[in-house]
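Please go through the overall surface and fold of the chain below, and then its salt bridges.

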Amino acid sequence: MKPWEKNIRRVVPYTPGEQPDKPKMIKLNTNENPYPPAPGVAAALRGMDMDRLRLYPDPAAAVLVKAIAADRGLSPEQVFVGVGSDDVLAMCFLTFFNGGEPILFPDITYSFYDVWADVFRIPYETQPLDGQFDIVPQDYYKKNGGVIFPNPNAPTGVECPQEDIEDILRHNRDVIVIVDEAYVEFGAESALPLLEKYDNLIVVQTFSKSRSLAGMRIGYAMASPELIRCLNDVKYSFNSYTMDQTALAAGVASLADRPYYEETIGKIIGVREQTKKRLRVLGFSFRDSKANFVFASHERCPARELFQALREQDIYVRYFDKPRIDNYLRITIGTAEEMDALLSFLERYLNKED
Ligand code: PMP
């Protein structure tokens, strides 16, 4: 071992879903939106003044912050933006989870949380979801250094009822509680109205899923002006220019076309409900998903085998080789045609086995 090796910050990194590039693939593995962003986004990017790229972007990302605040009925002082919600969540971990007590999050959840905790040396304790994959609010009553969970949860798609979120907030007035709402617009209730009552709440959302802009990397946090100031102080101590000129232009343009997104989100929810019916007929079981994916397990055929069989057809879904969830597939909701291709293959495959 070389002497400097002991000084290296070693971490086991987060593993993102693969991004294959096959001509005819059906990609249902990373919860991307199957529809393009609103037409105004392409127009804004085409109309960009190239001379602007010579200059640094506005470090405060003010045009985007203002547009998000107006869209959500908040003041700009209540909004923080970052390079996808991953960046925003990482900044939240660094800023707010800074005490000696362990932070709490579910045992089955977004697998970036334990990675950030490890890289920032934040102690954490996972709390088991119950047998139905529900969060048990009482598990979050104990002394802790902060709480974070997604709603709907990932990868399960299960919504945490608003009463349970408020119960967790009521029992955690002395720490920061983060609700990660990456998928909330596909049918769950947002905790945003609770901001008025709880000054320790942070709600995080993203343009990646419901706004079809995963490739543009735009996420945001909404909280009290005091918490947003703290987040900005940490951000400016790390990297001032997080949002580039193209992301600012695309983000603002996307907020200008609510009807387009209402239509595409509506289509995804419709296809999701149809997909659930056909999956059930095929012998899959799953909790009711309020996200743009379904987390399903088959009564006979192991998930790992199905994952491989689908992959051989260039149909990509997500499989997690982890305790309690290693017999589930997380299937992103694509277009009706994509889901039909997936389900038709599964029908053939599963019936051949009989
Ligand atoms: N939170 C959850 C629960 C997610 O599943 C994801 C997507 N991987 C994110 C946050 C991050 O999304 P993005 O950085 O694209 O906003």
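This is a predicted model: local features need pLDDT of at least 70, side-chain atom pairs count only at pLDDT 80 or more; totals for chains, interfaces and linings use all residues.

Residues are numbered from 1 along each chain as its sequence is written, and side-chain values use heavy atoms, without hydrogens and water.

The protein chain contains 10 helices and 13 strands (DSSP runs: H or I of at least four residues, and E of at least two). Of its 354 residues, 54% are buried, where buried means under 20% relative accessible area, exposed over 50%, and partly exposed in between (1.4 Å probe, protein chains only).

There are 22 salt bridges, each a side-chain nitrogen of Lys or Arg within 4 Å of a carboxyl oxygen of Asp or Glu. In one of them, Asp-134 pairs with Arg-287, with the closest N and O atoms 3.0 Å apart. Asp-134 lies in the loop between β4 and β5 and Arg-287 in the loop between β9 and β10, so the pair ties together parts 153 residues apart in sequence. Arg-287 is partly exposed, at 27% relative accessible area.

Another salt bridge joins Asp-321 to Arg-304, at 3.4 Å between the closest N and O atoms. Asp-321 sits in the loop between β12 and β13, and Arg-304 in helix α9, 17 residues apart. Asp-321 is exposed at 52%, whereas Arg-304 is partly exposed at 45%.
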